[in-house]
Amino acid sequence: MSRTVKSFLAAAILFTPLSAMAFDVDGYKAVVTESVRELLTGTISDPAASLARQEKLIALGVEACKENAKDVPADAKIMELVIASAEGMKGLTPDQLEAKWGDAGDAGDAIGVPLKSLDQFSKTRNYIDLVVHPARAYSFIKAWQSSKNKQALVEAKGELTEVLEHSEKLRKAK
């Protein structure tokens, strides 16, 4: 394939509105896998690119949550909360994200959907975690940027490894 054709295809993919696409589990997993591969090295040569990948995962997760809200009306309230909260998640510390969006988090309490009532790998939780885990990885990478503490990268890798499980559960559910 010529360089021009590859460039055209890459541009077409980049500029295709996410809302026009159904959730692409394979595409999501490819971005996660690329991030995990980088984190396994124990350093990040281009932190901006790494953070951009997490932002892309968050955006893809938001689109998946929008689809789920339409397909499963019973999930609409919690999906709408995840969607509305996604951008702000990047500004939270990993501990704050866990307290708010973890398995025992309180984010859904105010809308009558306690997160502790959801099974860890329920379809609803799988969709939520498509956003939450990359947001936590983002926070850990930001922490690594300022501290250079390699444990932050280990934690980021753990978040992304776990979201691979969630995405695989969604694939099997389709």
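Modeller: Start with the elements: this predicted model has 7 helices and 0 strands in its chain. Read from the N terminus, the order is α-α-α-α-α-α-α.

Biologist: How many residues does the chain have, and what percentage of them count as buried?

Modeller: The chain has 174 residues, and 43% of them count as buried. As for contacts, take those with a separation of 6 or more: 67% of them are between residues 24 or more positions apart.

Biologist: How do I describe two packed helices?

Modeller: Two values are used for a packed pair: the angle between the axes and the distance between them. Here, take helix 4, residues 76–89, and helix 6, residues 123–147. Their axes come within 11 Å and cross at roughly 5°. An angle under 35 degrees counts as roughly parallel, and helix 4 and helix 6 are therefore roughly parallel to each other.

Biologist: Which residues of helix 4 and helix 6 meet?

Modeller: From helix 4 come Ile78, Met79, Val82, Ala86 and Met89. They meet Thr124, Tyr127, Ile128, Val131, Val132, Ala135 and Ser139 of helix 6. Sorted by class, this contact has 10 nonpolar residues, 2 polar ones and no charged ones.

Biologist: Now the nonpolar core. Which residues in the largest one touch the most other members?

Modeller: That core has 45 residues, and those touching the most other members are Tyr28, Met89, Trp101, Ile128, Leu130, Val131 and Leu160. Helix 2, helix 3, helix 4, helix 5, helix 6 and helix 7 each give two or more residues to this core. Helix 6 gives the most, with 11 residues.

Biologist: What is Met89 in contact with, once neighbours within four places in sequence are left aside?

Modeller: Met89 is in contact with Val82, Leu97, Trp101, Val131, Val132, Ala135 and Ser139. Leu81, in helix 4, can be read in this way too. Leaving aside neighbours within four places, Leu81 is in contact with Trp101, Ala107, Gly108 and Ile111.

Biologist: Let us turn to charged side chains. How many salt bridges does a search of the whole structure find?

Modeller: The search finds 13 salt bridges. In one of them, the side chains of Glu168 and Lys29 meet at 2.6 Å, N to O. Glu168 is in helix 7 (residues 150–173) and Lys29 is in helix 2 (residues 25–40), so this pair ties together parts that are 139 residues apart in sequence. Glu168 has a relative accessible area of 23% and is partly exposed. A network of salt bridges links Asp26, Lys29, Glu168 and Arg171.

Biologist: Where are Glu38 and Arg53, the partners in another pair?

Modeller: Glu38 is in helix 2 and Arg53 in helix 3 (residues 47–71); the two are 15 residues apart, and their pair links distant parts of the chain. Their side chains meet in a salt bridge of 2.7 Å, N to O. Both Glu38 and Arg53 are buried. Glu38 is also touched by Ser50, a residue of helix 3. Not counting residues up to four places away in sequence, Ser50 touches Ile44 and Ile141 as well as Glu38. Ser50 has a relative accessible area of 1% and is buried.

Biologist: What is the N to O distance in the salt bridge of Asp103 and Arg125?

Modeller: That distance is 4.0 Å. Asp103 sits in the loop between helix 5 (94–101) and helix 6, and Arg125 in helix 6, so the pair ties together parts 22 residues apart in sequence.

Biologist: Why does Arg125 count as buried?

Modeller: Buried means under 20% relative accessible area, and Arg125 counts as buried because its relative accessibility is 2%.

Terms used:
Residues numbered from 1 in each chain as written. Predicted model: local features only at pLDDT ≥ 70, side-chain atom pairs only at ≥ 80, totals over all residues. Heavy atoms only, no water. Axes fitted to C-alpha atoms, helices over the stretch in contact; angles between N-to-C directions. Helix = DSSP H or I, 4+ residues; strand = E, 2+ residues; numbered from the N terminus. Parallel < 35°, antiparallel > 145°, perpendicular 65-115°, else oblique. Contact = heavy atoms within 4.5 Å. Nonpolar A, V, L, I, M, F, W, Y, C, P; charged D, E, K, R; others polar. Buried < 20%, exposed > 50% of the residue type's maximum accessible area, 1.4 Å probe, protein only. Core = buried A, V, L, I, M, F, W, Y, C linked by side-chain atoms within 4.5 Å.
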